[in-house]
Amino acid sequence: MHIWVDADACPKVIKDILFRAAARTGIPLTLIANQTLFVPPSPLIRSVQVPAGFDVADNEIVKRLSAGDLVITSDLPLAAEIIEKGGHVLSHRGEWYSAANIRPLLNMRDFMDNLRASGVQTGGPPPMNPADRQVFAGHLDRFLTGLK
């Protein structure tokens, strides 16, 4: 079991929760991004910097993933690939992506992209709040506890 993080868009507060979880559980954690990232000194925690480019970090995660690994991302196309390879996907806001819900989420994403392309202002996601952090931490903890 390994935890992979699509780290370019991962909020710092979520990374901090993940650092503590890796230390507490002994599960290896790797952050993958196209920029240099700070990670605390630990044999369990590392970062991998990939070249800049469209989906380079995503492709690196998919390449390294093993079935049963956990990936932290809010990127729906990446989540679909992870699920297809037998991985688990938790978004930064604590939403589980699965075979049961990924297709409708991708359809909604495409629909919203089409609206934006036609000039409709759809807005972005709201800022992270304490409830989002709490939901994420709770789902992560239950998942990791269930592994034991």
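Okay, asparagine 129: you'll find that residue in the loop between α4 (102–117) and α5, where helices (H or I, at least four residues) and strands (E, at least two) are DSSP runs numbered from the N terminus. Asparagine 129 is partly exposed, with a relative accessible area of 32%. For the cut-offs, buried means under 20% relative accessible area, exposed means over 50%, and partly exposed is in between, with a 1.4 Å probe and protein chains only. A polar atom of the asparagine 129 side chain lies 2.8 Å from the backbone nitrogen of alanine 131. And if you pick the C-alpha atoms of asparagine 129 and alanine 21, 108 residues apart along the chain, they are separated by 20 Å.

Quick word on what we're looking at. This is a predicted model, so local features need pLDDT of at least 70 and side-chain atom pairs count only at pLDDT 80 or more, while totals for chains, interfaces and linings use all residues. Residues are numbered from 1 along each chain as its sequence is written, and side-chain values use heavy atoms, with hydrogens and water left out.

Zooming out, then. The protein chain has five helices and six strands, and read along the sequence the pattern goes β-α-β-β-α-β-α-β-β-α-α. Its radius of gyration, taken over C-alpha atoms, is 15 Å, close to the 15 Å that the globule rule gives for 148 residues, so the chain is as compact as a globular protein of that length. That rule is 2.2 Å times the number of residues to the power 0.38. The C-alpha atoms fill a box of roughly 50 × 35 × 30 Å along the principal axes. Of the 148 residues, 39% count as buried. On contacts, meaning heavy atoms within 4.5 Å: among those with a separation of 6 or more, residues 24 or more positions apart account for 50%.

Now the sheet. The six strands form an open sheet, mixed in its pairing, in the order β3-β2-β1-β4-β5-β6. The edges are β3 (45–49) and β6 (96–97), each pairing on one side only. Two strands pair here if DSSP finds at least two bridges between them.

Let's follow β1, residues 3–6. Three bridges join β1 to β4 (residues 70–72), and those two run parallel. On that side, tryptophan 4 has valine 71 as its bridge partner in β4. Four bridges join β1 to β2 (residues 29–33), also in parallel, with aspartate 6 opposite isoleucine 32. So what covers β1: one face or both? Both: Ile3 and Val5 on one side, Trp4 and Asp6 on the other, are all buried.

Next, α5. This helix, residues 130–146, lies across β1, β4, β5 (88–90) and β6, running at about 160 degrees to β5. Axes here are lines fitted to C-alpha atoms, for helices over the stretch in contact, and angles run from 0 to 180 degrees between N-to-C directions. Aspartate 132 sits in α5 and counts as buried, at 15% relative accessibility. Leaving out residues up to four places away in sequence, aspartate 132 touches Arg93 and Pro127.

How many aromatic pairs does the structure hold? One. Tryptophan 96 and phenylalanine 143 make a tilted pair, 5.3 Å centre to centre with 45 degrees between the planes. The two come from distant parts of the chain, tryptophan 96 from strand β6 and phenylalanine 143 from helix α5, 47 residues apart. The criterion is that rings of Phe, Tyr and Trp (its six-membered ring) pair if their centres lie within 6.5 Å, with planes under 30 degrees apart stacked, over 60 edge-to-face and the rest tilted. Tryptophan 96 counts as partly exposed at 26% relative accessibility, whereas phenylalanine 143 is buried at 15%.

On to α3, residues 76–84. Its buried residues are Leu76, Leu78, Ala79, Ala80, Ile82 and Ile83. Aspartate 75 caps the N-terminal end of α3, with a side-chain oxygen 2.9 Å from the backbone nitrogen of leucine 78. After α3 comes glycine 86, with a positive phi near 90 degrees.

Last one, for anyone checking backbone torsions. Aspartate 55 has a positive phi of about 65 degrees although it is not a glycine. Aspartate 55 is in the loop between β3 and α2 (56–64), and at 30% relative accessibility it counts as partly exposed.

Note on methods
A polar contact is a pair of N or O atoms within 3.5 Å; within protein, one must be able to donate a hydrogen and the other to accept it, and residues adjacent in sequence count only if both atoms are side-chain atoms.
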